[in-house]
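Hi everyone, thanks for coming.

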Amino acid sequence: FVPRTVAGDGNPLDVLVLSSSPLAPGTLVEARVVGVLDTEDEKGLDCKLLTVVHADPAWAEVTDLPELPSHLSTELRHFFEVYKALEGKKWSKVNGWRPKEDALREVLRAAAEYDRNPKEFRNPPRLYHLPIGDRMPGVVNA
């Protein structure tokens, strides 16, 4: 998620991070925004920023959505179309991909919403900082 943001569903803005190394949930890395997937669920509009780890050589040439392998964007879209199917009354709908320029506008919009209406979130995940190449993460918010 992006700290100090409020998205359409009332939660922080969601982020998908593409990396050639496994990342645990809550890992804080420097990432480059490349696009946004527009979704909806039972709580409202729920955009997902798509990013790549900035220092990851495997993703060095990806700077915008059209540079992603098309099969990968299709897989991600399919995942978000079905991932809540077994959760009872929950649902999800995918409205499509938008490019980097639109994704950056979403970040600014969600940050402005937070500034207008700061929201404290219950049980925020613990964040870790893991520079590529380091073995042990350092806790950011203990």
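**A walk through the chain**

Okay, of the 142 residues in this chain, 35% are buried, meaning under 20% relative accessible area with a 1.4 Å probe, counting protein chains only. Before going on: this is a predicted model, where local features need pLDDT of at least 70 and side-chain atom pairs count only at pLDDT 80 or more, while totals for chains, interfaces and linings use all residues. Residues are numbered from 1 along each chain as its sequence is written, and side-chain values use heavy atoms, with hydrogens and water left out.

The chain has two helices and eight strands (DSSP runs, H or I of at least four residues for helices, E of at least two for strands, numbered from the N terminus). Along the sequence that reads β-β-β-β-β-α-β-α-β-β.

Now look at strand E3, residues 31-41. Nine of its 11 residues are buried, so E3 is largely enclosed by the rest of the structure. What does E3 pair with? Pairing here takes at least two DSSP bridges between two strands. E3 runs antiparallel to E5, with six bridges, and valine 36 sits opposite leucine 49 there. Seven bridges link E3 to E6 (residues 92-99), again antiparallel. Then there's E4, residues 44-45, antiparallel with two bridges, and a two-residue hairpin connects E3 to E4.

Last stop: aspartate 56, in the loop between strand E5 and helix H1. Leaving aside neighbours within four places in sequence, aspartate 56 is in contact (heavy atoms within 4.5 Å) with Ser19, Ser20 and Ser21. Also, a polar atom of its side chain lies 3.0 Å from the backbone nitrogen of alanine 58.

How values were computed:
Polar contact = N/O pair within 3.5 Å; in protein donor to acceptor, adjacent residues only side chain to side chain. Buried < 20%, exposed > 50% of the residue type's maximum accessible area, 1.4 Å probe, protein only.
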